[in-house]
Amino acid sequence: MIPASSKEESDEIKRQGGNCYGAGQGIGRAIALKMASEGAKICVADLNPETAKKVAEEIKGMGGKAIAVQVDITSLDQVKKTVEKAIAELGCVDILVNNVGWDKMELFIQSEPATWDKVININFKGPVNFFKAVLPHMIERKYGKIVSIAPTPDGWDRAARRFTRERKGASFPSRKPLRGKWPVTGST
Ligand SMILES: NC(=O)c1ccc[n+]([C@@H]2O[C@H](COP(=O)([O-])OP(=O)(O)OC[C@H]3O[C@@H](n4cnc5c(N)ncnc54)[C@H](O)[C@@H]3O)[C@@H](O)[C@H]2O)c1
């Protein structure tokens, strides 16, 4: 469960439009519902259009504003269209939640290059696609918050854990320079 926000945070969220992807189920759904309950307008983006629509309907049922968009985050073209749609229909994307993560539970020694490619495309390239699509908008508005959910490798063998750490190492620095190079007021 996401901790209750402070009054200050809550007031801030009310002013904002959020784009939460991978929000059709699980943690992403919980984040989307929590943000909506605090007043954010939500773009529920997910590979699965049915679950995305269901979550958007739940938000509307709570009296909130939401749209559902089908997106494969490994496609920059689809990600750009998602951000454009969110801006057109919700007014802005001030909070981006990178929630999608994918892993295959198996011994590293049994894993195949196709699995590595899928892990890298979803867990690393997906967030980078969203950075590329959303940053010009945040820079123009001089405001933006990006939250990225990281995977934990419980249940994997040692080699797989190392691979996951390397992958996290690959994705975390990709966000750090964003703040330094393009300072966006209030960016997190
Ligand atoms: N569940 C846990 O115990 C746990 C623990 C630590 C970290 N995490 C991390 O939290 C995040 C969410 O976990 P979860 O268990 O809720 O995940 P989940 O598998 O339940 O949900 C992931 C969502 O992402 C969507 N998705 C998958 N591939 C996609 C793609 N290419 N494009 C767009 N959407 C896509 C799925 O349709 C699904 O709705 C992940 O990044 C995960 O690594 C989860």
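Author: The expected span of a helix is 1.5 Å times one less than its number of residues. The model considered here is a predicted one. Helix α2, residues 26-37, has twelve residues, and 17 Å separate its first C-alpha from its last, close to the expected 16 Å. Buried positions in α2 are Gly28, Arg29, Ile31, Ala32, Leu33, Met35 and Ala36. Just after this helix, Gly39 adopts a positive phi of about 105°.

Strand β2 comprises residues 41-46, and six of its six residues are buried. In a regular strand, side chains alternate between the two faces of the sheet. In β2 both faces are covered: Lys41, Cys43 and Ala45 are buried on one side, and Ile42, Val44 and Asp46 are buried on the other. To be counted as buried, a residue must have 20 or more other C-beta atoms within 10 Å of its own.

From β2 the chain passes through helix α3, residues 49-61, to β3, and this β-α-β crossover is right-handed. The two strands, β2 and β3 (residues 66-70), pair in the parallel sense over five bridges. Within this pairing, Val44 has Ala68 of β3 as its bridge partner.

The 13 residues of α3 should span 18 Å at 1.5 Å a residue, and its end C-alpha atoms are 18 Å apart, so expectation and model agree. Its buried residues include Ala52, Val55, Ala56 and Ile59. These cover an arc of only 100° around the axis, and they therefore lie on the same side of α3. That buried side packs against α2, β2 and β3. The face of α3 turned away from it carries the exposed residues Glu50 and Gly61. Just after α3, Gly63 has a positive phi of about 90°.

These elements meet in the largest nonpolar core, which has 35 residues. Ala32, Ile42 and Val44 are the residues with the most contacts inside this core. Two or more residues come from each of α2, β2, α3, β3, α4 (76-90), β4 (95-98) and α5. Among these elements, α2 gives the most to the core, with five residues.

In summary, β2 is covered on both faces, it pairs with β3 in the parallel sense, and the buried residues of α3 pack against both strands as well as α2.

Notes:
Residues are numbered from 1 along each chain as its sequence is written. This is a predicted model: local features need pLDDT of at least 70, side-chain atom pairs count only at pLDDT 80 or more; totals for chains, interfaces and linings use all residues. Helices (H or I, at least four residues) and strands (E, at least two) are DSSP runs, numbered from the N terminus. A residue is buried if 20 or more other C-beta atoms lie within 10 Å of its own, exposed if 12 or fewer, and partly exposed in between; C-beta atoms are placed from the backbone. Two strands pair if DSSP finds at least two bridges between them. A crossover is right-handed if, with the strands pointing away from the viewer, the path from the first strand over the helix to the second runs clockwise. A nonpolar core is a set of buried Ala, Val, Leu, Ile, Met, Phe, Trp, Tyr and Cys residues joined through C-beta atoms within 7 Å. The arc is that of the directions from the helix axis to the C-beta atoms. Two residues are in contact if their C-beta atoms, placed from the backbone, lie within 7 Å.
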